[in-house]
Amino acid sequence: MNFDWHKENLTLKTIIDSNYKNTQNVRRFFKSYLGDNFTFSRGFTNWIRSNSGKTLEDVINKYKNNK
């Protein structure tokens, strides 16, 4: 069964899989940690998709380190 990025409860330990999608659920999760100004850029989205196995916490840390 594939992880449903639209509906699943997301945590810092949620693992990025090969079916990752930028959904409103994911956007809300990131905004809760990174603030209302969070946006997805093409490069950042590509980085997420090319890093299966990393966690959402890893993604947040990457975003913070690139700001």
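Visitor: In what order do the elements of the protein run from the N terminus on?

Guide: The order is α-α-α. The model is a predicted one, in which local features need pLDDT of at least 70 and side-chain atom pairs count only at pLDDT 80 or more, while totals for chains, interfaces and linings use all residues. Residues are numbered from 1 along each chain as its sequence is written, and side-chain values use heavy atoms, with hydrogens and water left out.

Visitor: How many helices and strands does the protein have, and what makes a run count as one?

Guide: There are three helices and zero strands. Both are DSSP runs numbered from the N terminus: a helix (H or I) needs at least four residues, a strand (E) at least two.

Visitor: What radius of gyration does the protein have, and how is it judged against a compact globule?

Guide: The radius is taken over C-alpha atoms, and the globule rule is 2.2 Å times the number of residues to the power 0.38. For 67 residues a compact globule would come near 11 Å; the protein has 11 Å, so the two agree. The C-alpha trace spans about 35 × 20 × 20 Å along its principal axes.

Visitor: Why is Thr23 called buried?

Guide: Buried means under 20% relative accessible area, exposed over 50%, and partly exposed in between, with a 1.4 Å probe and protein chains only. Thr23 has 5%, and is therefore buried. Of the 67 residues, 33% count as buried.

Visitor: Why is the pair Lys13 and Glu57 called a salt bridge?

Guide: The term requires a side-chain nitrogen of Lys or Arg within 4 Å of a carboxyl oxygen of Asp or Glu. The side chains of Lys13 and Glu57 meet at 2.9 Å, N to O, so the pair qualifies. The pair links distant parts of the chain, 44 residues apart: Lys13 is in the segment before α1, and Glu57 is in helix α3 (residues 56-65). The structure holds one salt bridge.

Visitor: Are Lys13 and Glu57 exposed or partly exposed?

Guide: Lys13 is exposed, because its relative accessible area is 58%. Glu57, at 27%, counts as partly exposed.

Visitor: How do you know that the buried residues of α3 line one face?

Guide: Leu56, Val59, Ile60 and Tyr63 are buried in α3. Seen down the helix axis, they fall within an arc of 100 degrees, so they line one face; the arc is that of the directions from the helix axis to the C-beta atoms. An α-helix has 3.6 residues a turn, so residues three or four places apart point the same way.

Visitor: Which buried residues does α2 have, and what do they pack against?

Guide: In α2 the buried residues are Phe44, Thr45 and Ile48. Their arc is only 100 degrees, which puts them on the same side of α2. They pack against α3, a matter of contact, meaning heavy atoms within 4.5 Å.
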